[in-house]
Amino acid sequence: MSRWKIVAAIAMISVMSCLGGCSLKQDTMAQFKTLPGEGWGKDMPIKFTPEYADSALIYDIQLSIRHNNSYQYSNLSLAVDMVDSVKVIHRKEVDFELSDSYGNWKGSGFGALYQTSVVIASGIKPSDVNSIVVWQTMENCDVIKDVIDIGITVTPSKK
């Protein structure tokens, strides 16, 4: 191969790699908070401030929990408050089903840590939801243990 063909090939590869940088990307923002080792009480709200990459887009918000093998229940009941600049505009009750009737964990993961996620809101304008507050609402259980992290993921809607 001649020297000029090699230079032309290198130039073409450089142009193609630069064009890849110009493609539209999904600006997904995720935040996770680690829960205290002594447990998550009903009186302990977990607050998130969603980050939006572009105020002109609409977004979907997903709630995720991570637990370990020692978690004692097959589900996790939560209340999720979506707050505008002043007040709760929507409360969603979420019941994560973490294991099947045989005790097999449903979430993704390996070893001793599993994650389960659910979409809690779709088509959200950044001006509508300024914060998200998550409450543990398990019946007959004031403090739950072995839930390691809780988080939100904000992704542009595909609508």
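This is a predicted model: local features need pLDDT of at least 70, side-chain atom pairs count only at pLDDT 80 or more; totals for chains, interfaces and linings use all residues.

Analyst: Start with Asp146, in the loop between S10 and strand S11 (147–156). Its phi is near 75°, a positive value in a residue other than glycine. Asp146 has a relative accessible area of 24%, so it is partly exposed.

Asn140 has a positive phi too, near 55°, and is likewise a residue other than glycine. This residue lies in the loop between strand S9 (131–136) and strand S10 (143–144). Asn140 is exposed, because its relative accessible area is 81% and the cut-off for exposed is over 50%.

Gly111 also takes a positive phi, near 65°. It belongs to the hairpin of S7 and S8, which has two residues between the strands. Strand S7 (residues 108–110) pairs with S8 in the antiparallel sense, over three bridges. Within this pairing, Ser108 stands opposite Gln115 in S8.

S8 (residues 113–124) has another link, to strand S4 (residues 59–68). Nine bridges join the two, and they run antiparallel. Ile65 has Thr116 of S8 as its bridge partner.

Now an aspartate in a strand: Asp81, found in S5 (residues 75–83). Asp81 counts as buried, because its relative accessibility is 7% and buried means under 20%. Its side chain makes a polar contact with the side chain of Trp135, at 3.1 Å. Not counting residues up to four places away in sequence, Asp81 touches Val88, His90, Arg91, Ser131, Ile132, Val133 and Trp135.

Notes
Residues are numbered from 1 along each chain as its sequence is written. Side-chain values use heavy atoms; hydrogens and water are left out. Helices (H or I, at least four residues) and strands (E, at least two) are DSSP runs, numbered from the N terminus. Buried means under 20% relative accessible area, exposed over 50%, partly exposed in between (1.4 Å probe, protein chains only). A polar contact is a pair of N or O atoms within 3.5 Å; within protein, one must be able to donate a hydrogen and the other to accept it, and residues adjacent in sequence count only if both atoms are side-chain atoms. Contact means heavy atoms within 4.5 Å. Two strands pair if DSSP finds at least two bridges between them.
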